[in-house]
Amino acid sequence: MTKLRISTIPDSRPVKLTIELPAEIHRDLLLYAKLVSGKAGEAADAIPDATRLVPLMVGRFMETDRAFQKQRRGRKPASTAGTTGVSSEG
């Protein structure tokens, strides 16, 4: 199986997330959730909620954005590090 950047979805309290996505991105997000769960081809109700991936993906994006990290290091830390469930190990 291909190694995905996000291998598991950590347990967390439910959070209501309201965003609008283009249909193509939504389809890809649902597919990603299926691939992460290892249940591609199963019924949609057996797949983990794809919205739980969004904070992980945003966190990973920010962790790997070098320009953002450079700017962030230059600011006073007001961090909640470790709350995204995303590892910086790659």
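This is a predicted model: local features need pLDDT of at least 70, side-chain atom pairs count only at pLDDT 80 or more; totals for chains, interfaces and linings use all residues.
Residues are numbered from 1 along each chain as its sequence is written, and side-chain values use heavy atoms, with hydrogens and water left out.

The secondary structure of the chain consists of three helices and zero strands, in the order α-α-α from the N terminus. Helices (H or I, at least four residues) and strands (E, at least two) are DSSP runs, numbered from the N terminus. Of the 90 residues of the chain, 17% count as buried; buried denotes under 20% relative accessible area, exposed over 50%, and partly exposed the range in between (1.4 Å probe, protein chains only). The chain exposes about 7600 Å², of which carbon and sulfur atoms supply 55%. Accessible areas come from the Shrake-Rupley method with a 1.4 Å probe, and for residues only the protein chains shown count as cover.

Two packed helices are described by the angle between their axes and the distance between the axes. Helix α1 (residues 23-37) packs with α2 at an angle of about 95°, and the axes are 11 Å apart. Helix α1 is therefore roughly perpendicular to α2, a term that covers angles of 65 to 115 degrees. The contact (heavy atoms within 4.5 Å) involves L29, Y32, A33 and V36 of α1 together with L53, V54 and M57 of α2. Axes are lines fitted to C-alpha atoms, for helices over the stretch in contact, and angles run from 0 to 180 degrees between N-to-C directions.

Helix α2 (residues 53-64) also gives the most to a nonpolar patch, with three residues. This surface patch, of about 360 Å², is formed by V58, F61, M62 and F68. Patches are made of residues with over 30% relative accessible area and no salt bridge, with like charges joined within 9 Å and nonpolar side chains (Val, Leu, Ile, Met, Phe, Trp, Tyr) within 5 Å; a salt bridge is a side-chain nitrogen of Lys or Arg within 4 Å of a carboxyl oxygen of Asp or Glu. M62 lies in helix α2 and is partly exposed, because its relative accessible area is 35%.

R60 likewise belongs to helix α2, but R60 is buried, with a relative accessible area of 9%. The C-alpha atoms of R60 and R5 are 8.3 Å apart in space, although the residues are 55 apart in sequence. P10, in the segment before α1, is partly exposed at 31% relative accessible area. P10 and L56 are separated by 46 residues in sequence and by 9.3 Å, C-alpha to C-alpha.

Definitions and conventions
Angles under 35 degrees count as roughly parallel, over 145 as roughly antiparallel, 65 to 115 as roughly perpendicular and the rest as oblique.
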